[in-house]
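Here is a short briefing on a predicted model. Look at the sequence and the fold first, then work through the points by topic.

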Amino acid sequence: MNILPFLARNVATTCVAAACDAIAGYPQWLVRQIGHPVMWTGWLTDVLDRRMNHDTDCDRSRHRKGFFAAFVIATVPCGCVALLQSAASRRLAPPFALLAGGIAASSLSAQRSLWEHVHAVSTAARDGLPQARDAVSHIVGRDPAQLDEAGVMRAAMETLAENFSDGVVAPLLWMVIGGPAGAAFYKSVNTADSMIGHRTPRHDRFGHAAARLDDLVNLPASRLSALWIILAAVTMPGMDARGAWRIVRRDARRHRSPNAGWPEAAMAGALGVRLSGPRSYHGVVSHEPWVGDGSARVTPRDLERALALYHRACMVQGVVLITLALMTRRAWRKGKNPS
C-alpha cells in the first residue's frame with residue numbers, strides 16, 4: 001500500500017473538517033435531532049460501566065473488565081466510521097467523498113465550541129461574579145462557588161489551554177494519521193477517560209485502562225499544542241514567546257497531568273500569568289503546583305488575551321495543515337508521474 005495517497009486524502013479531509021468547525025461548529029439543531037458523536041460514545045461508555053463494573057467485583061476483575069471496556073469503546077466507533085467512509089468512497093466521486101468525510105468529521109473537533117464556551121465566561125464577568133461562576137461551571141469540574149474572580153478566570157484559561165490540545169489539536173492530528181476513523185478512535189478514548197478515568201472507588205481500577213490509553217494518545221498533541229501557542233505568541237504584540245518556551249521547559253512536567261501541563265505552561269508563559277495551583281473538587285482541596293511566574297490575579301482582560309492567543313494558535317495549525325496538504329498532494333502527483 002502506497003502511504004502517500006492515504007496521507008494526502010487524510011490531510012485534505014482534515015483541512016475541510018477544521019474549516020467547517022471554525023466556520024459553523026456543530027449546529028445545536030442537529031444536537032437536538034440526532035445528538036452528537038460524543039453523546040453516542042458516552043452512551044456506550046455508560047452502558048458498559050453499568051453492565052460490567054460491579055461493586056462486588058474484586059480489583060483484578062474490575063481491571064480486566066475495564067481493559068475490555070476500553071477496547072470496545074475505542075474500536076466500535078472507529079470501526080463504524082471506517083465502514084461509513086468506505087461506503088461513501090464507493091458511492092461518491094473522490095472529491096465529493098472527501099468533502100462529505102470532512103464535513104462529517106468536523107463534529108469531532110471543538111474549535112468553535114471551545115471558543116464560545118470560554119468567551120461566555122469572559123462576557124459573563126462583565127455582569128458580576130455570580131454570572132461568571134455560573135458560566136464557568138459549564139466547562140470545569142471544580143467548585144465554582146469557592147472561586148473569586150481571579151479563580152474563575154484561571155479556571156476558564158486552563159480549560160481553554162487544555163482543551164485546545166484535547167479538543168482541537170488531538171482530533172485533527174489523529175485525523176491526519178487515520179482519517180475520520182482515526183479521529184473517531186481518539187474522541188472515543190478521550191470521552192471514555194472523561195467518564196470513567198477517575199481515581200474514585202468505583203472507577204480507579206475499572207477506568208485505569210481508559211485513563212492510561214488517553215494519556216498515551218494525547219501525548220503528541222499536547223506537545224504540538226504548546227508549539228502552536230508559542231509560534232502564535234511570536235506573531236502577536238504583547239505576548240512573550242520566549243517566556244512561553246521557558247515556562248514549558250520548566251513547568252510542563254510538574255503539572256498533575258502528563259499532558260495538560262504543556263499547553264497550560266505555554267499559555268501561562270506567553271501571557272505572563274500563573275495557572276494551576278490549589279483548587280477544590282467537591283469540597284476537597286487539591287494542592288497542585290503553580291505553572292508560570294506571573295501574577296495569579298488573572299483578570300477578564302487576561303482571559304480575552306488568552307482567547308486571542310488561542311485564535312491565533314488555531315490559525316497557526318491551519319497554516320501547517322494547508323502546507324502539509326500541498327506538500328503531500330505534490331509528492332503524490334510526482335510519484336504518479338515521475339519525470
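Helix 1 has a set of buried residues. Among them are Pro 5, Ala 8, Asn 10 and Val 11.

**Helix 1: length and end**
- Helix 1 covers residues 3-23, which makes 21 residues.
- At 1.5 Å a residue, helix 1 should span 30 Å.
- Gly 25 follows helix 1, and its phi is positive, near 65°.

**The annotated transmembrane region**
- An unreviewed UniProt entry carries the annotation "transmembrane region" for residues 67-88.
- In the model, residues 67-88 are 100% helix and 0% strand.
- The end C-alpha atoms of this stretch lie 32 Å apart.

**Aromatic rings**
- The count of aromatic pairs comes to 2.
- One of them joins Phe 164 and Tyr 310: the ring centres are 5.6 Å apart and the planes meet at 85°.
- An angle over 60 degrees counts as edge-to-face, so this pair is edge-to-face.
- Phe 164 sits in helix 8 (residues 149-196), while Tyr 310 sits in helix 12 (residues 300-336).
- The pair therefore ties together parts that are 146 residues apart in sequence.
- Are these two residues, Phe 164 and Tyr 310, buried or exposed? Both Phe 164 and Tyr 310 are buried.

**A charge over a ring**
- Which residue lies over the face of Trp 290? Arg 274 does, at 4.5 Å from the ring centre.

Technical notes
Residues numbered from 1 in each chain as written. Predicted model: local features only at pLDDT ≥ 70, side-chain atom pairs only at ≥ 80, totals over all residues. Heavy atoms only, no water. UniProt positions renumbered as here; feature names shortened; annotations may be inferred. Helix = DSSP H or I, 4+ residues; strand = E, 2+ residues; numbered from the N terminus. Phe/Tyr/Trp six-rings, centres within 6.5 Å; stacked < 30°, edge-to-face > 60°. Buried < 20%, exposed > 50% of the residue type's maximum accessible area, 1.4 Å probe, protein only. Lys NZ or Arg CZ within 6 Å of the ring centre and 35° of its normal. Expected span 1.5 Å × (residues − 1).
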